[in-house]
Amino acid sequence: MSDLETFRRETRAWLESNCPPEMRRASQGESDTCWGGRKWKFQSDAQRIWLERMAEKGWTVPDWPREYGGGGLSHDEVKILRQEMRALGCRSPLDSFGIWMLGPALLKYGSDAQKREHLPKIARGEIRWCQGYSEPGSGSDLASLQTRAVDHGDHYVVNGSKIWTSYADKADWIFCLVRTDPDAPKHEGISFLLFDMESQGVSTKPITLISGASPFCQTFFDDVLVPKANLVGELNKGWTIAKYLLTHERDMIGGMGQTSESRSLGQTAAESVGLENGILADTVLRGQIAAYEIDAWAFRLMMERAGDMAKAGQAHPAISSLLKYYGTELNKRRMELVMSAGGTDALEWEGARTRDGSQVRAWLRSKANSIEGGTSEVQLNIVAKRILGLPDA
Amino acid sequence: MSLVLTSEQTMLRDSTRSLLVKSAPISHLRRLRDERDPVGFSRPLWKEFAALGLPGILVPQQYGGMGLGHVEAGIVMEELGHTLAPSPFLSTAVLAATAIARGENEAQKQEYLERIVAGDLIATVAIDETGKHRPEKIALSAARSENGFVLNGAKTMVLDGHVADLLIVAARTAGTPGEIRGITLFLVNGGSGGPRAERTVMVDSHNAARLTFDNLKVPGSAVLGTVDGGWTLLDGVLNAGRAATAAEMAGASEEAFARTVAYLKERRQFGRLIGEFQALQHRAAHLYCELEVTRAAILKAQQALDESFDKAGPIVAMAKARAGKSATLAVQEGVQMHGGIGMTDEFDIGLFMKRVRVMQELFGDSNFHADRLARLGHY
Ligand SMILES: Cc1cc2nc3c(=O)[nH]c(=O)nc-3n(C[C@H](O)[C@H](O)[C@H](O)COP(=O)(O)OP(=O)(O)OC[C@H]3O[C@@H](n4cnc5c(N)ncnc54)[C@H](O)[C@@H]3O)c2cc1C
C-alpha cells in the first residue's frame, strides 16, 4: 500500500513538472489529438514535448513491458497514473490504433521479432496503424471477408478492397484480415497480415461522413506483395487474433465518451438553459440529464470493475461487448442531451463562434459509436450467446 | 479499493447463501404469508442468523459484534434478495445498529448493541410520515416537558414496527417541516408502553407498520445523538439503509433474471426454444448489462460508506437510483418473458416484482435520488 502511495506522490510530482499547461485540458476531439506517425505534423510544441516526455517514461503505453517501449507498470499503478492524469486534466499524449488494438494483439500473438520491430514504434508514436477489417460485403458478418492473399513462395500477394478504413490515408501501416483458404469454413481460412501502406498496389479513396469530416477511406489492394514474415500467428488462424483485437477495440470505444468528459452535463445545461428557483428551467430535461449522469457515473465504475475483475481473473472474455454496447449507447444519449440543452445555438455548422460547429459535428460523429467496432446489435448477440448461453436460432 | 469481493467476503456470501437456501427458500415466505403469521418473520431463523453473527455484522467488536462494514452487510442483503426471506436484518442489523453505534452515547451502546448481536432485540427506525420519502419534512413533534419530551404524530412504513422492541423515532424538536435543523432522534420502547402500532400488510408480504404517537412521554435520556442536530446521524442511517436496500434489489433482480434466462432455455414455442428469438435475446442481453453496471455502482457505494461514511451520500444516491431502475426492469422483463405463467401466484417470478416495488420506494425512489443529485450538481 505504501509503495503505491509513494508511486502516486512521485507520479503527481512528475506530471506537475512535465505536463505542459496546454496539454492540461481535454482534447477537443479527433482533430485535436496527437496520433503520431511518419506523416504527423505536431499542432504545437507542447504536443510534441508532452509526447516525447511521456514516451521516454514508457507512459504512452504504461502497462506494456519496458523492453517494448512500455512503462512496465502494474494494474494498480496504471490505475493511479490515470487517476492522477485525470486529476490534473492531463490529456493522453498519444492515441492510436497501434496502442488500442494492434499492440495488445501483438503482445499476445506476435513473434518476438514482430514485437521488437513494431511495438516500440507504436509506443513512441513513430508509426501510425490502420485497421483493415470491414469490406463492402462484410460488415457485421466480418468472417465472410473476401480480400485474398495468395502464397507466392517467400511472400503473399494481396488483392481486394477494404472499406470504412479509418485514417487509411494518414496511416503508415495496416493490420489486415485476408482470406488464405477459400475452401475452408469461413472462420478457418482467415489470416492476420501486417504491411506498409506505401507498398506498391495500395491506394485509398476518402469517404465523407455526415459530420462533414473525412476520417475514413475505401482501401484497395492490387497485387500487393507482403513478406511472409509479416504473418501474425499461424496461417488460417487469424480469426482468433482478430477477435482478441476486437475486444480491445471495444473496450476503447466503450470508454471513449466517458474519458473525454471534463464537466458535468448539468452545469453545461444550466448555462445554456438557465435556472429557475435554483433548478434547471426545463424540468423534463433536468430529469433526463440527472438520469444520464447517474448512468454515466455507474458506467465509469463498471469500467473500473471490469479492470479489477480482469486482474482477479474473474472477467468474462466477452465483457468488452458489454462495455462497448453500454458505453456507446450512453455516449449517444449524452450527445442528444447536449444538443437539447444547446437549442438552436448548437445547430451552427460553420463560423468561428462555434469553432465550425464542433458540437453539432461531434453529435453526428457520435452516431458511429454504436456501429464502428461491431454494432450494438452484434454486441447484444455476443452477450446473449457467449455470456448468457442463449441458444442459436 | 478493488471492485471485486475478497475471499473473506466470498465466504460470508457462501455461508449466508447456504443458510438461506436451507432455512428460508421462497417457500418460507409463502408459508408466512399464507398462514398470516402474526410476526411475519421466523424468530428461530433470526436465532440462526445470530449463531452466524449476522445481526452484529456492523456492530463494533467491543460490543460483541463482527465489526465489519457495509460491503459485508450488503452481501447479506443481497442473499436475502435472492430468496425474498423476511427478516429483521435491515431494520435491526443495518438501520438500528448503525444509528446506535454511531450515536456517540456509551450507555446506549452498552444497553442495546449486545442484545442486537445476540438476536434478542428487534429494533427499527421510524422516519417516513408520508407515502413518498421526504425525510426533511418530518413533522412528528417532540415537545419538552419536565425532564423529557412528549411525542405527537404518526409514522408510516416502519419496518418490523409491529413487533420491534425498540423504535428509533425521528421527531421535530425545532424548526418547521422542510428544514433539516431541528430534528432529533429518540429511542422509544415498542410494545405496550410504546406508540400504537398497526401492522400494515404490504404487497410483498414483508413487515411494516404505522405508528401513532399520542402524547407519548419519553425521558431526556431517550435522545440519541444531539437535540435539534439529529439530521447528520439520520442521513447517515438512511444512507446505510439505501445502500442495503440497493443490495437487496440487486439480489432480487439477479435471481429473477437467472430464472428468466433459464426459462428462455426451456420453454418451446413455434417448434423452438423461445431463447432462440433474437427479440428476447437482445432484451435479456440489455438487462444483463444494466444489472452488471448497477452491481459496480452498489459495490462502490458500500465501499464509500466504509471508507468515508459522512461523505458517501451522493454515491449512495447514485447506487440506489440505479438499483431501483435496473431491478424494476429485471422484474418487468421477468414476468413478460414468462408469459401467462408469470402472472400466476403459484409461480415465484411475481414475488420478485412485488418485493422490488417496495424496495424501490423505501428510503427514496430513483426519482428522489436523481433529484437530489441534480441539486447537489447545482442544476
Ligand atoms: C466511423 C466509422 C469508423 C470505422 N472504422 C473502421 C476501421 O477503421 N476499420 C474497419 O475495418 N472497419 C471500420 N468501420 C466499419 C464498422 O466496423 C462496420 O461499419 C460495422 O461492423 C457494421 O458493418 P456494416 O457497416 O456493414 O453494417 P451491416 O452489417 O450491414 O449492418 C446493418 C444493420 O444490420 C444490423 N445487423 C447486422 N447483422 C445483424 C445480426 N446478426 N443481428 C441483428 N442485427 C444485425 C446491424 O446491427 C446494423 O444495424 C468503421 C465504421 C464507422 C461508422
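A: For the helix pairs below, an axis is a line fitted to C-alpha atoms over the stretch in contact, and an angle runs from 0 to 180 degrees between N-to-C directions. The model is predicted.

The account begins with helix α4 (residues 70–83) of chain B and helix α5 (residues 89–101) of chain B, whose axes come within 11 Å and cross at roughly 165°. Angles over 145 degrees count as roughly antiparallel, and α4(B) is therefore roughly antiparallel to α5(B). The crossing of α4(B) past α5(B) is left-handed. On the α4(B) side the contact is formed by H70(B), A73(B), V76(B), M77(B) and L80(B), and on the α5(B) side by F89(B), L90(B), V94(B) and T98(B). By class, the residues of this contact comprise 7 nonpolar, 2 polar and no charged.

Another pair in chain B consists of helix α1 (residues 7–23) and helix α3 (residues 43–51), which pack at an angle of about 160° with their axes 11 Å apart. The helices α1(B) and α3(B) are therefore roughly antiparallel to each other. Here α1(B) passes α3(B) in a right-handed crossing. From α1(B) the contact draws on L19(B), L20(B), K22(B) and S23(B), and from α3(B) on L45(B), E48(B) and F49(B). Its residues divide into 4 nonpolar, 1 polar and 2 charged.

A further pair in chain B is formed by helix α2 (residues 26–34) and helix α10 (residues 349–361), packed at an angle of about 75° with axes 12 Å apart. Angles of 65 to 115 degrees count as roughly perpendicular, so α2(B) is roughly perpendicular to α10(B). In this contact I26(B), L29(B), R30(B) and R33(B) of α2(B) meet L351(B), F352(B) and K354(B) of α10(B). The residues involved divide into 4 nonpolar, no polar and 3 charged.

The contact between the chains takes 42 residues from chain A and 41 residues from chain B. The area buried between chain A and chain B is about 3500 Å², with carbon and sulfur atoms giving 68% of it. Of the area that chain A buries against chain B, I294(A), R305(A) and L388(A) supply 17%, more than any other three residues. The interface of chain A and chain B also holds 4 salt bridges. A salt bridge joins the side chains of D371(B) and R286(A), at 2.8 Å from N to O.

Over all chains the structure holds 53 salt bridges. Within chain A, the side chains of K311(A) and D76(A) meet in a salt bridge of 3.3 Å, N to O. K311(A) belongs to helix α8 (residues 283–311) of chain A and D76(A) to helix α3 (residues 75–88) of chain A, so the pair ties together parts that are 235 residues apart in sequence.

Setting aside residues up to four places away in sequence, G274(A) touches A269(A), I279(A), L280(A) and A281(A). G274(A) and A341(A) are 67 residues apart in sequence, and their C-alpha atoms are 9.7 Å apart in space.

Methods:
Residues numbered from 1 in each chain as written. Chains lettered and ligands numbered in written order. Predicted model: local features only at pLDDT ≥ 70, side-chain atom pairs only at ≥ 80, totals over all residues. Heavy atoms only, no water. Helix = DSSP H or I, 4+ residues; strand = E, 2+ residues; numbered from the N terminus. Parallel < 35°, antiparallel > 145°, perpendicular 65-115°, else oblique. Left-handed = near helix turned anticlockwise from the far one by under 90°. Contact = heavy atoms within 4.5 Å. Nonpolar A, V, L, I, M, F, W, Y, C, P; charged D, E, K, R; others polar. Buried area = accessible area lost by both parts, 1.4 Å probe.
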